[in-house]
Amino acid sequence: QVQLAESGGGLVQVGGSLRLSCLGSGRTLQRNFMGWFRQVPGKEREFVAGISEGGDSESYTDSVQGRFTISRDNARNTVYLHMTNLKPEDTAVYYCNIVSYPGFRPTGIWGQGTQVTVSS
């Protein structure tokens, strides 16, 4: 089983930017669609962005379209989420996972996540 480790979160002001990283270990991720998800206390984890195996196709939830960019570096076994123009409602714990396609449903083991806090 692949292990996933998210990093890069932190405290940022409204309008700021962050880049999250998701490092896979145990096996390669290059044959998998990958996705980023986020969760706030009391709510279900929601899909944020997804990317195809080769990185040539991306999908985003409406609320982050135009502000977030998902990318991947298969040589580094890493998936990224570049977040710009951050808003308070982006505050959440962010997770990555292997996802099914179509549907972008998570299929792997969750990592510990990385906290993103956007202050106004």
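**View 1. The disulfide between C22 and C96 is right-handed, because the torsion about its S-S bond is about 60 degrees.** C22 lies in strand β3 and C96 in strand β9, so the pair ties together parts that are 74 residues apart in sequence. The S to S distance is 1.9 Å; a disulfide here is a pair of cysteine sulfur atoms within 2.5 Å. By this rule the count comes to one disulfide. C22 counts as buried at 0% relative accessibility, and C96 is likewise buried at 0%. Buried means under 20% relative accessible area, exposed over 50%, and partly exposed in between, with a 1.4 Å probe and protein chains only. The model is predicted: local features need pLDDT of at least 70 and side-chain atom pairs count only at pLDDT 80 or more, while totals for chains, interfaces and linings use all residues. Residues are numbered from 1 along each chain as its sequence is written, and side-chain values use heavy atoms, with hydrogens and water left out.

**View 2. Four strands form an open sheet in the order β1-β3-β8-β7, with antiparallel pairing.** β1 (3-7) and β7 (68-73) stand at the edges with a single partner strand each, so one side of each has no neighbour in the sheet. On average, neighbouring strands of this sheet are turned by 15 degrees against each other, direction ignored. For such angles, axes are lines fitted to C-alpha atoms (for helices over the stretch in contact), and angles run from 0 to 180 degrees between N-to-C directions. Strands (E, at least two residues) and helices (H or I, at least four) are DSSP runs, numbered from the N terminus. Two strands pair if DSSP finds at least two bridges between them. Strand β3 (residues 18-25) is joined to β8 by six bridges, and the two run antiparallel. C22 has V79 as its bridge partner in β8.

**View 3. T78 lies in strand β8 (residues 78-83).** T78 is buried, with a relative accessible area of 8%. Its side chain reaches the backbone oxygen of R76 at 2.8 Å. Apart from neighbours within four places in sequence, T78 is in contact (heavy atoms within 4.5 Å) with S21, C22, L23, R72 and D73.

View 4. Strands β4 (residues 33-39) and β5 (residues 46-51) pair in the antiparallel sense over five bridges. The bridge partner of W36 in β5 is A49.

View 5. Most residues other than glycine have a negative phi, and most peptide bonds are trans. Phi of N77 is positive, near 55 degrees, and N77 is buried, with a relative accessible area of 13%. N85 also is not a glycine and has a positive phi of about 45 degrees. N85 is partly exposed, with a relative accessible area of 41%. The peptide bond from Y101 to P102 is cis, with omega near -5 degrees.

Key: A polar contact is a pair of N or O atoms within 3.5 Å; within protein, one must be able to donate a hydrogen and the other to accept it, and residues adjacent in sequence count only if both atoms are side-chain atoms.
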